[in-house]
Amino acid sequence: MELVELMNKTHDESRQGEAFQATESPVDFHKKFYIESYGCAMNFSDSEVVAAILQENQFSATSQFEQADLVLINTCSIREKAELTIRKRLTEFRKVKQSRPGMLIGVLGCMAERLKSQLLEQEKLVDLVIGPDAYRSLPALIEEASSGQKGVNVLLSRDETYGDISPVRLNSNGITAFVSITRGCNNMCSFCVVPFTRGRERSRSAHSIIQEIQQLVDNGYKEVTLLGQNVDSYYWKDEVTGQMVTFANLLEMAALVSPDLRIRFSTSHPKDITDDVLMTMAKYENICKCIHLPVQSGSTRLLQLMNRTYSREWYLSKVDRIRELLPDCGITSDMIAGFCTETEEDHQDTLSLMDYCGFDMSYMYFYSERPGTLAARRFKDDIPLDIKKRRLQEIVDKQGELSTRNNQRDIGKTFKILIETDSKRDNNDWTGRTSQNKITVFPKSSSLQKPGDYVWVKITDCTRATLLGKIVDHP
Ligand code: SAM
Ligand code: SF4
Ligand code: F3S
């Protein structure tokens, strides 16, 4: 696992490259499936759609792949390392299959889409290869594969959103849930494989999103994260009423479902986040004050090569605007070190931009060339690995300084925290998050408290990644 991913283990996206398995389902149908997910939150959300489709078709979940009739791996292609991790895992599944020939192994997600039937040749014992837009064909493909044929469907769609499917929540804490609002991506960042693996962007019906959120509230959930590669470009038109729904409108509709429900969203593209979105955030207390605004590089020259469609100055002015309209808003980012032609000066631009923006947290990577992307076709991957790694380490160190400084500034302040679960280290403590998405740990103060409750916590200490405090009365 990359160093950076370890540092940010507490954030949802830190699941990138990590396995995440479905727990047992309560009903015991006769066939069992096992699903393991890698990559971004969208993939974890998709696995919940897959689980719903399988449950409809008489499969129940197991957390033991050795006992499963169907083993699925939902894959990520974002960096070479992510694909290597998945190939290793497939080798382990194959070993079990040798002693259980009836077991089916299926590859889902972005790697299935990228490699298509090549995967069947490379990974001999894989029976199913299904791309992100083809999950409805799973039952038919399982039947085909059971009769000894290989089941492949990697067709990308212009309109599939799985909007009518109620996801089966996997490994849920019963408090927080992901809700997909868009699929695919129309941007063509030159380093990125996502437009090729996920296809064109499409927005899910606002009605089905709000209905899903309402169901979550009815089932006791207290926080939803609206997901998309670029949530700010959400746009949906109701064919019956002609009503048009932008992301700012959708945020407002979600906020109005229940004042007790927290709304988060990810990811925002700096070119698309609007004043309307920022003002809607300011208007509703239950829309969390945190924006994930990946910058990728602090150098305008590199941003151009990356095809990010904004300059350093544009990004800085967005950050200024956020600070103006939402003074207490957390801002987090993504950075890539060692992109094609990056000079020391470009790298220094990234470090100085980080200083200016004072990010609360970042996901940081070194550039990994992906076959077929614009950058792979147009530019040479010319920064030696040792330089990429050194620059990445400097970015990680810079982020460490900023996170520590920002957390220290929170000492003495009081935050409203949504209790999520027992602290991993000590079950006398709770863990929850501030509106700004900072993990906060504090002692339990009453036997009546439970996950899903809101409490006020005064911060007394911190580490780089966590705030520490104690419960106080409503200020
Ligand atoms: N849609 C989001 C956006 O535009 O910010 C991000 C999507 S991507 C799943 C998450 C992050 O992976 C990106 O922000 C970028 O920092 C990183 N990433 C994508 N392609 C990469 C590559 N080829 N090498 C290294 N990091 C990469
Ligand atoms: Fe990839 Fe860019 Fe789309 Fe994000 S916005 S998914 S980085 S192409
Ligand atoms: Fe990976 Fe696909 Fe997400 S490439 S990061 S799982 S969209």
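Mentor: A residue counts as near a molecule or strand if one of its heavy atoms lies within 4 Å of it. This is a predicted model, in which local features need pLDDT of at least 70, side-chain atom pairs count only at pLDDT 80 or more, and totals for chains, interfaces and linings use all residues. Side-chain values use heavy atoms, with hydrogens and water left out.

Trainee: Which residues are around ligand 2?

Mentor: They are C185, N187, C189, F191, C192, V194, P195, Q229, H269 and R308.

Trainee: What makes up the shell around ligand 2 by class?

Mentor: Ala, Val, Leu, Ile, Met, Phe, Trp, Tyr, Cys and Pro count as nonpolar, Asp, Glu, Lys and Arg as charged, and the others, Gly among them, as polar. On that basis the shell has six nonpolar, three polar and one charged residues.

Trainee: Which residues surround ligand 3?

Mentor: Ligand 3 is surrounded by C40, N43, T75, C76, S77, I78, C110, V194, R198 and Q229. Its shell has five nonpolar, four polar and one charged residues.

Trainee: How many aromatic pairs are there?

Mentor: Rings of Phe, Tyr and Trp (its six-membered ring) pair if their centres lie within 6.5 Å; planes under 30 degrees apart count as stacked, over 60 as edge-to-face and the rest as tilted. The count by this rule is ten. One of them joins F65 and F93, with 4.8 Å centre to centre and 65° between the planes, and is therefore edge-to-face.

Trainee: Where do F65 and F93 lie in the chain?

Mentor: F65 is in the loop between β2 (59-61) and β3 (70-75), whereas F93 belongs to helix α3 (residues 80-99), 28 residues apart.

Trainee: Why is the pair of Y315 and F359 called edge-to-face?

Mentor: The ring centres of Y315 and F359 are 6.3 Å apart and the planes stand at 75°, so the pair meets the edge-to-face criterion. Y315 and F359 are each buried.

Trainee: What makes R79 a charge that sits over the ring of Y365?

Mentor: A charge sits over a ring if NZ of Lys or CZ of Arg is within 6 Å of the ring centre and within 35 degrees of the ring normal. The charged end of R79 sits over the ring of Y365, 3.6 Å from its centre. Likewise, the charged end of K444 sits over the ring of W430, 4.3 Å from its centre.

How values were computed
Residues numbered from 1 in each chain as written. Chains lettered and ligands numbered in written order. Helix = DSSP H or I, 4+ residues; strand = E, 2+ residues; numbered from the N terminus. Buried < 20%, exposed > 50% of the residue type's maximum accessible area, 1.4 Å probe, protein only.
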